[in-house]
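Reader: I am new to reading protein models, and I would like to go through one step by step. Could you show me the structure, and then take my questions in turn?

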Amino acid sequence: MSSNIARQAIFNRQNQRIGYELLFRDGRCDTFPLVAAEYATEIVLNDLFVSGKTAVRTVSDGQPCFVNFSYQSLINGTALNYPPKDLVIEVLENCVPDTVLFDVLVDLKSRGYRIAFDDFNPCDAWRPFLPLADIVKIDFRALSRETISRFVLAYKSAPELLLLAEKIETAEELLFARKLGFDLFQGYQLSKPERIPFSGVIEHIAEHVA
């Protein structure tokens, strides 16, 4: 198969891997190609689930798969084609925070899907969505430390809400995030994206089934 998946590990405060964000890669390029976000989501999900649970567990080492969803993918109900047990829905930062999206996320939550807000922007338009979140990802490259600190202080005590510090690139940033009270961590300081050609996954599965 021509499409590839890259994965980047997510760690907890005990430095244990708790899941992987899955990223679309195409050809020999190790960066996100210039394609529509909903297309990338569809390719990742189709490749991930095409061989059933065995493929999912092989790609993610049996841990949750964080997959990016665009606004269009969400309102089209793309996630409903895949089981909620192995999937964490990452709501992309460029989604429109309107009532249509809100209702879609309420429905997904009621069906057992976990919701993560990617590169979360702590603005008034997104605040009503926070009760729907299982995980909020804060981009350390996009926000100032002052803004990050204010958000953590305001929402760290929220029940069942996990805060994920993403794009952590230095040991000092990791220490800062840990001191602030973040629950989860992701970035080059901990683990770089790892390219996984899906044909290799299929071959690996075949070897263990034979």
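**Surface, core and helices**

Author: The chain has an accessible surface of about 10,300 Å², and carbon and sulfur atoms hold 52% of it; such areas come from the Shrake-Rupley method with a 1.4 Å probe, and for residues only the protein chains shown count as cover. This is a predicted model, in which local features need pLDDT of at least 70 and side-chain atom pairs count only at pLDDT 80 or more, while totals for chains, interfaces and linings use all residues. Residues are numbered from 1 along each chain as its sequence is written, and side-chain values use heavy atoms, with hydrogens and water left out.

Reader: How many helices and strands are in the chain?

Author: Helices (H or I, at least four residues) and strands (E, at least two) are taken as DSSP runs and numbered from the N terminus. Counted in this way, the chain holds 7 helices and 9 strands.

Reader: What percentage of the residues of the chain count as buried?

Author: A residue is called buried when its relative accessible area is under 20%, exposed when it is over 50%, and partly exposed in between, with a 1.4 Å probe and protein chains only. For the 210 residues of this chain, the buried share is 48%.

Reader: Which residues have the most contacts inside the largest nonpolar core?

Author: A nonpolar core is a set of buried Ala, Val, Leu, Ile, Met, Phe, Trp, Tyr and Cys residues joined through side-chain atoms within 4.5 Å. In soluble globular proteins, nonpolar side chains tend to be buried together. The largest such core here has 48 residues, and the ones with the most contacts inside it are L74, L105 and F182.

Reader: Which helix gives the most to this core?

Author: The helix in question spans residues 99–110 and gives 4 residues to the core, and its name is α4.

Reader: Which residues is L74 in contact with, leaving aside its neighbours within four places in sequence?

Author: Contact means heavy atoms within 4.5 Å. With those neighbours set aside, the partners of L74 are F69, I89, V91, C95, L101, V104, L105 and L108.

Reader: How are the axes of α5 and α6 placed, roughly parallel or roughly antiparallel?

Author: Two packed helices are described by the angle between their axes and the distance between the axes. Axes are lines fitted to C-alpha atoms, for helices over the stretch in contact, and angles run from 0 to 180 degrees between N-to-C directions; those under 35 degrees count as roughly parallel, over 145 as roughly antiparallel, 65 to 115 as roughly perpendicular and the rest as oblique. The axes of α5 (residues 145–155) and α6 (residues 171–180) come within 10 Å and cross at roughly 25°, and the two helices are therefore roughly parallel.

Reader: Which residues of α5 and α6 make the contact?

Author: On the side of α5 the contact is made by R145, I148, S149 and V152. On the side of α6 it is made by E172, E173, F176 and L180.

Reader: Where does N15 lie, and is N15 buried or exposed?

Author: Most residues other than glycine have a negative phi, and most peptide bonds are trans. N15 is not a glycine, yet its phi is positive, at about 60°. N15 sits in the loop between β1 (3–12) and β2 (17–26), and with a relative accessible area of 52% N15 is exposed.

Reader: Is D119 buried or exposed?

Author: D119, found in the loop between β5 (114–117) and β6 (135–139), also has a positive phi, near 45°, in a residue other than glycine. Its relative accessible area is 16%, so D119 is buried.

Reader: How far apart are L22 and V59 in space, C-alpha to C-alpha?

Author: L22 lies in strand β2 and is buried, with a relative accessible area of 2%. L22 and V59 are 37 residues apart in sequence, and their C-alpha separation is 9.0 Å.
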